[in-house]
Amino acid sequence: MTLNGALAAKQGSPSAISSSDSLILTHGLRSVHDGVLVGVDTAIADDPRLNARLWRCPAKRQPVAVVMDSTGKKLPRSSRMKRLIHLVGSPTRRDPAETDAVEEYTQIVVPTVGSWGSRRQLDLQAALEQLRASGVTSLMVEGGGNVLRSFLEAGLYDSIVVTVAPKIFAKPFCPLSDVVWEGAKQSESLLLRKCIRCPSRRNKQRDVTLMLKRLS
């Protein structure tokens with residue numbers, strides 16, 4: 001994120017924030033998880049691969065991509081994810097030509113609860129239980145902002161990793177600025193495990209990454 005808490009310059013529009021060194025660190029974090037989760041809007045806007053290719057992670061240890069989708073949106077045909085678990089609110093028919101690159105596709109129907117604006121929300125606890133039953137026992141929730149917010153507000157996290165870049169956006173998209181933290185009334189504590197400063201290189205920005213572990 002930027003110094004003023006932005007995850008993007010504009011909602012729904014990919015923004016280059018962190019450095020290439022921070023991206024390598026992100027791939028290292030991906031490599032120690034069974035799955036990497038994003039919301040369907042991020043999957044469509046960013047077209048991520050959600051793998052750990054920059055960390056020299058062996059093929060058998062590459063995380064599976066997980067896309068959370070309560071809206072029934074279709075992923076772009078150009079989607080670059082190889083192995084995909086699609087969390088949906090209701091069964092949807094997948095056109096084999098819809099996503100050319102996907103080699104392994106699994107659809108999991110998750111109950112919906114409540115709503116966020118005009119859209120229904122997936123039951124996150126049920127989603128995690130079904131992912132665990134599918135072999136995903138450790139999950140990295142990577143984005144977008146509303147997905148991160150939903151997991152934080154539900155208290156469904158063990159650790160938080162935040163990378164802060166030396167940038168400021170004039171009209172930022174800051175979905176985490178008013179998160180209602182689970183356990184806030186009990187003064188929940190987080191332990192700072194590591195503070196990493198990316199190596200300083202000429203004409204390169206120097207990000208700071210904080211790794212925090214939940215204590216309660």
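Which residues are buried in helix α4 (residues 145-153)? They are Gly-145, Val-147, Arg-149, Ser-150, Phe-151 and Leu-152, where buried means under 20% relative accessible area, with exposed over 50% and partly exposed in between (1.4 Å probe, protein chains only).

## Basis of the model

This is a predicted model, in which local features need pLDDT of at least 70 and side-chain atom pairs count only at pLDDT 80 or more, while totals for chains, interfaces and linings use all residues. Residues are numbered from 1 along each chain as its sequence is written, and side-chain values use heavy atoms, with hydrogens and water left out.

## Overall architecture

The protein contains four helices and 10 strands. Their order along the sequence is α-β-α-β-β-β-β-β-α-β-α-β-β-β. Helices (H or I, at least four residues) and strands (E, at least two) are DSSP runs, numbered from the N terminus.

Of the 216 residues, 38% count as buried. The accessible surface comes to about 12300 Å², and carbon and sulfur atoms hold 51% of this surface; the areas come from the Shrake-Rupley method with a 1.4 Å probe, and for residues only the protein chains shown count as cover. Among contacts (heavy atoms within 4.5 Å) with a separation of 6 or more, 62% link residues 24 or more positions apart.

## The surroundings of Asp-207

Asp-207 is placed in the loop between β9 (190-197) and β10 (208-214). Its relative accessible area is 0%, so Asp-207 counts as buried. Beyond its neighbours within four places in sequence, Asp-207 is in contact with residues including Thr-163, Val-164, Ala-165 and Pro-166. The C-alpha atoms of Asp-207 and Arg-197 are separated by 5.9 Å, with the two residues 10 apart along the chain.

The side chain of Asp-207 makes a polar contact of 2.7 Å with the side chain of Ser-22. It also reaches the backbone nitrogen of Ser-19 at 2.8 Å. A polar contact is a pair of N or O atoms within 3.5 Å; within protein, one must be able to donate a hydrogen and the other to accept it, and residues adjacent in sequence count only if both atoms are side-chain atoms.

## The surroundings of Asp-34

Asp-34 belongs to the loop between α1 (20-31) and β1 (35-39). Its side chain and that of Thr-137 are joined by a polar contact of 2.6 Å. Leaving aside neighbours within four places in sequence, the residues in contact with Asp-34 include Arg-61, Pro-63 and Val-64.

## After helix α4

Just after α4, Gly-155 has a positive phi of about 75°.
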